[in-house]
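Have the viewer open as you read.

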Amino acid sequence: LMEHGWSIKWMIRELVLYKSYQMSSEKKQEKRFVDIENRLLWRMNRKPLEAEAIRDAMLQISGQLDPTRGGLTIRKIATYDQDYEFDSLRRSVYVPNFRNTVLDIFEVFDMANPNLVVGRRSTSVLPTQSLYMMNSPFVIGVARHTAATWSEKLSADPASGLDKLYRAILGRSPLPAEAKLSRDYLDSYAPVEKTLAIESLCHSLFASIDFRTLY
C-alpha cells in the first residue's frame, strides 16, 4: 500500500481480483466436511444484504423508488424526531437517522446505533427479521405495487413472466420445483383474483431468505 502511494483504489482492486474473492458460494460436498467453517476460503461466504440495500431493492423492483438526488433529508427542519413520518420513497441514503427514532427496517436489519460510535455493524439472523418481512405494511405495500406492475406480464406469458419476476426479485431463474409450485399456486386462484395471487407470490419472494442474501 505504501509503495503505491497509499492508493485505496489500488488496494480495492487488488482485493477484488484475488481468486478467493471471485469464488462462488456454492458448497462442494467433499470440501465441506474437511473445512465446514470455510477457514481456508475454498468458497465465497454468503452475505446478508444491509438494511439500506433491502429497502432500496424493494422500492426499485416495485417501481416506487424516487431517484432524486440532493436536497434536504429532513422535510421539516424545525420538527423534533418524535413521531416523525418516514414516508419518503427516496434512496435510503437520504432517510434521516435520528438518535431516538430509527426507521423500523433499519432497526430490524442491524443498522448501526446512532447513539454509539460503531466501527463495524453487527450481523444477525433473527426471527424478528422474517416476521418483519411477513407482516410489515411497507413490505405488503411493495408487494402490492410489484403485483400491479407484473400482472399483465404474467397473464400474457406465464412461463416467461414468472422467470422474469424471479430474476427481478431474487436475481435468478426459478428452480423447476419452484416454477411448478408458483404456477400451481397462481392457477389455483380464479381469474378475478389473479392480481391478489400475484401480490401474495411477490410478498413470499420478498420475504424469502434468498432475497436478502448475496450468494
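Is Tyr132 buried or exposed? Tyr132 is buried, since its relative accessible area is 9%; buried here means under 20% relative accessible area, exposed means over 50%, and partly exposed is anything in between, with a 1.4 Å probe and protein chains only.

## Before you dig in

This is a predicted model, where local features need pLDDT of at least 70 and side-chain atom pairs count only at pLDDT 80 or more, while totals for chains, interfaces and linings use all residues. Residues are numbered from 1 along each chain as its sequence is written, and side-chain values use heavy atoms, with hydrogens and water left out.

## The overall picture

The chain has 10 helices and two strands. Those are DSSP runs numbered from the N terminus, with helices being H or I of at least four residues and strands being E of at least two. Going along the sequence, the order is α-α-α-β-α-α-α-α-α-α-α-β.

Along the principal axes, the C-alpha atoms take up a box of roughly 65 × 60 × 30 Å. The chain has 215 residues, and 31% of them count as buried. Take the contacts (heavy atoms within 4.5 Å) with a separation of 6 or more: 51% of them come from residues 24 or more positions apart.

## Rings that meet

Searching the whole structure turns up three aromatic pairs. Rings of Phe, Tyr and Trp (its six-membered ring) pair if their centres lie within 6.5 Å; planes under 30 degrees apart are stacked, over 60 edge-to-face, and the rest tilted. One of the pairs is Phe109 with Tyr132: the ring centres are 6.2 Å apart and the planes sit at 85°, so this one is edge-to-face. Phe109 is in the loop between helix 5 (104-108) and helix 6 (127-135), while Tyr132 is in helix 6, so the pair ties together parts 23 residues apart in sequence. Phe109 is buried too, at 7% relative accessibility.

Tyr185 and Tyr189 make another edge-to-face pair, at 5.3 Å centre to centre and 70° between the planes. Both tyrosines count as partly exposed: Tyr185 has 28% relative accessibility, and Tyr189 has 23%.

## Charges over rings

A charge sits over a ring if NZ of Lys or CZ of Arg is within 6 Å of the ring centre and within 35 degrees of the ring normal. Arg90 does this with Tyr94, lying over its face at 3.9 Å from the ring centre. Lys153 has its charged end over the ring of Trp150, 4.3 Å from the centre.

Have a look at Ser151 as well, which is in helix 7 (residues 137-156). Ser151 has a relative accessible area of 15%, so it is buried. Leaving out residues up to four places away in sequence, Ser151 touches Thr195 and Ile198.

Rolling a probe the size of a water molecule over the atoms shows where empty space is left. The grid is 1 Å over the protein atoms alone; a pocket is an open set of points where a 1.4 Å probe fits, with protein on both sides within 12 Å along at least five of seven lines, and lining residues have an atom within 4 Å of a point. The largest pocket has a volume of about 420 Å³, where volume is the space filled by probe spheres set on the points. It has 21 lining residues, and the closest to its centre are Lys47, Pro48, Leu49, Glu50 and Thr123. Strand 1 (47-48), helix 4 (51-62) and strand 2 (213-214) each give at least two residues to that lining, and helix 4 gives the most, with three. The lining splits into 10 nonpolar, five polar and six charged residues (Ala, Val, Leu, Ile, Met, Phe, Trp, Tyr, Cys and Pro are nonpolar; Asp, Glu, Lys and Arg are charged; the others, Gly among them, are polar).

What volume does the second largest pocket have? It comes to about 300 Å³. Its lining has 23 residues, with Arg55, Phe86, Asp87, Ser88 and Leu89 the closest to the centre. Helix 7 gives the most to the lining of this second largest pocket, with four residues.

Trp6 is not a glycine, yet its phi is positive at about 55°. Trp6 lies in the segment before helix 1 (8-16) and is exposed, with 55% relative accessible area.
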